[in-house]
Amino acid sequence: MGETPGRLSVAGLGPGGARHLTPEVRDRLEEARAVAGYTTYLGLIDPALLEGKKIISSGMTREVKRCAEAIEAAASGLDTVLVSSGDPGVYGMAGLVLEMLEERGLLESLDWEVLPGLPALSAASALLGAPLMHDFAVISLSDLLTPWETIEKRLEAAASADFVLVLYNPRSKKRPHLLRRALDIAGRHLPPETPVGHVRAASREKESVWRGTLATVDPARVDMLSLLVLGNSSTRLLGRKGSDPEAMVTPRGYREKYDLAGSEGDRDRREPADDAP
């Protein structure tokens, strides 16, 4: 290893579109001498940002090896960027890297940083309308690292508490039945007409958006590039054109306190204090 370690940046690429890459992450990629990531995610980066750099690439389920190689590259003196899709602290690599740095005694000696990215749930929410305007819970249906019994308990608790539910990793080829089970759990607490949004490949070339209800969700159309948003008891579908809703909205509660039609008598009323800067 070199005498002077490099910097290790754990960076979020956003949901995938180049327009969502933050200037900070772009700067780090330009400065880096090594870039590490899952093969698919490296393919989302402008090739010009990777030119002339050491590339550390591996497939799915090789996260520990990939992080180890990125740590070793930084420890050897190379400024290194380890990329995740979305935000690296939301089902990304940031937590694993920090645990590995601690295990290797490098947490205090290696120059490391976590650079945020636009999470997929934010991109999906914007495409659907505004379904996350009130309290929501984010749950991954992947049971590779978390026992399904634990996931079921979390689904049951969140659905019974009337949270909007955001489901990551909803349906893989090896566990296609788990999404149906998750929807059945939600259905114990939510009526069939509850709004549901399905966004696939948000901000990428094959992006697709569907808005419907709990009763009309088709699990067969959902995959690992998908994100599902299940509304709560107040979520609504707005502005229908034919049979297709134009927006999915979870009201914050303004309708109960304000005249949303904009009458003269309401214009001077102040907004809720918790929205102030």
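User: How many helices and strands does the chain have?
Analyst: Welcome! This is a predicted model, and its chain has nine helices and 13 strands. Along the principal axes, the C-alpha trace spans about 70 × 50 × 35 Å.

User: How many aromatic pairs does the structure hold?
Analyst: There are three aromatic pairs. One of them joins tyrosine 38 and tyrosine 41.

User: What makes the pair of tyrosine 38 and tyrosine 41 edge-to-face?
Analyst: Two values settle that. The ring centres lie 4.9 Å apart, and rings count as a pair if their centres lie within 6.5 Å. The planes of tyrosine 38 and tyrosine 41 stand at 85°; an angle over 60 degrees counts as edge-to-face, so that is the name for this pair.

User: Why is the pair of tyrosine 254 and tyrosine 258 called tilted?
Analyst: The centres of these two rings are 6.1 Å apart, with the planes at 45°. Stacked needs under 30 degrees and edge-to-face over 60, so the pair of tyrosine 254 and tyrosine 258 is tilted.

User: How do you know whether tyrosine 38 is buried or exposed?
Analyst: Buried means under 20% relative accessible area. Tyrosine 38 has 16%, so tyrosine 38 is buried.

User: What about tyrosine 254 and tyrosine 258: buried or exposed?
Analyst: Tyrosine 254, at 23%, is partly exposed, whereas tyrosine 258, at 15%, is buried. Across the chain, buried residues make up 43% of the 277 residues.

Terms used:
Residues are numbered from 1 along each chain as its sequence is written. This is a predicted model: local features need pLDDT of at least 70, side-chain atom pairs count only at pLDDT 80 or more; totals for chains, interfaces and linings use all residues. Side-chain values use heavy atoms; hydrogens and water are left out. Helices (H or I, at least four residues) and strands (E, at least two) are DSSP runs, numbered from the N terminus. Buried means under 20% relative accessible area, exposed over 50%, partly exposed in between (1.4 Å probe, protein chains only). Rings of Phe, Tyr and Trp (its six-membered ring) pair if their centres lie within 6.5 Å; planes under 30 degrees apart count as stacked, over 60 as edge-to-face and the rest as tilted.
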